[in-house]
Amino acid sequence: MERVSKHNYYLDIAQTVSERSTCLRRRFGAIIVKNDVIISTGYNGSPRGRQNCTDIGSCYREKLKIPRGERYELCRSVHSEANAIIAAARENMLGASLYMCCTSPVTGEVQPNTNSCMMCKKLIINAGISKVYIRDTADEFREIDVSEWIENDDSLSGALGY
């Protein structure tokens, strides 16, 4: 019997969290882990009390054909990373890891090559999180050292999307 790696264990949990998403475009789930303890979870969805895109049956950004990674001010959802950060105390996030998975709302399949948007990168940096793990397939993932986001400041490039 082969035991699942610790990183894939946490990514499996993040993938399950993504199933709570109310986004019609992509479902994201995130968990924050420190010292092998899950600190918080988050998925993308409308702020509490507001109607979700799944309730309304449409996505405003989709209607306008806005590419991923752009014009998030028009999105109804709070991102999974932001929701996980909101639900945690900062002292618990210092040096922690964030695990993230994106799945298709239609097929449920993992969406490879995703990343945090510029806004969420800033939140992750300020929260004191040190590593981000992003699932690309059932067994493969990327490990990102958050210090790379500080050193390679993509907010200065003028490039949109991710």
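Q: How many cavities of 30 Å³ or more does the structure hold?
A: This is a predicted model, and the structure holds one such cavity. The space in the largest cavity is about 30 Å³.

Q: Which residues line the largest cavity?
A: The lining consists of Cys-53, Cys-59, Tyr-60, Arg-61, Leu-74, Cys-75 and Arg-76. Five of these lining residues are nonpolar, two are charged and none is polar.

Q: Turning to helix α6, which of its residues are buried?
A: In α6, which spans residues 118–127, the buried residues are Cys-120, Lys-121, Ile-124 and Ala-127. Seen down the axis of α6, these fall within an arc of 130°, so they line one face of the helix. Lys-122 and Asn-126, on the other side of α6, are exposed.

Q: What do the buried residues of α6 pack against?
A: They pack against α4 (80–86), α5 (90–93), β3 (97–103), β4 (131–135) and α7 (146–151). Just after α6, Gly-128 adopts a positive phi of about 90°.

Q: And how many aromatic pairs are there?
A: The structure holds four aromatic pairs. In one of them, the ring centres of Tyr-9 and Tyr-10 are 5.0 Å apart with planes at 55°, so the pair is tilted.

Q: Is Tyr-10 buried or exposed?
A: Tyr-10 is buried, at 4% relative accessible area, whereas Tyr-9 is partly exposed at 42%.

Q: What about Tyr-99 and Tyr-133?
A: Their ring centres lie 4.7 Å apart and their planes are at 10°, so the pair is stacked. Tyr-99 is in strand β3 and Tyr-133 in strand β4, so the pair ties together parts 34 residues apart in sequence. Both Tyr-99 and Tyr-133 are buried.

Definitions and conventions:
Residues are numbered from 1 along each chain as its sequence is written. This is a predicted model: local features need pLDDT of at least 70, side-chain atom pairs count only at pLDDT 80 or more; totals for chains, interfaces and linings use all residues. Side-chain values use heavy atoms; hydrogens and water are left out. Buried means under 20% relative accessible area, exposed over 50%, partly exposed in between (1.4 Å probe, protein chains only). Helices (H or I, at least four residues) and strands (E, at least two) are DSSP runs, numbered from the N terminus. The arc is that of the directions from the helix axis to the C-beta atoms. Contact means heavy atoms within 4.5 Å. On a 1 Å grid over the protein atoms alone, a cavity is a set of points where a 1.4 Å probe fits but cannot get out, and a pocket is an open set with protein on both sides within 12 Å along at least five of seven lines; lining residues have an atom within 4 Å of a point. Grid points are joined across faces, edges and corners, and a volume is the space filled by probe spheres set on the points. Ala, Val, Leu, Ile, Met, Phe, Trp, Tyr, Cys and Pro count as nonpolar, Asp, Glu, Lys and Arg as charged, and the others, Gly among them, as polar. Rings of Phe, Tyr and Trp (its six-membered ring) pair if their centres lie within 6.5 Å; planes under 30 degrees apart count as stacked, over 60 as edge-to-face and the rest as tilted.
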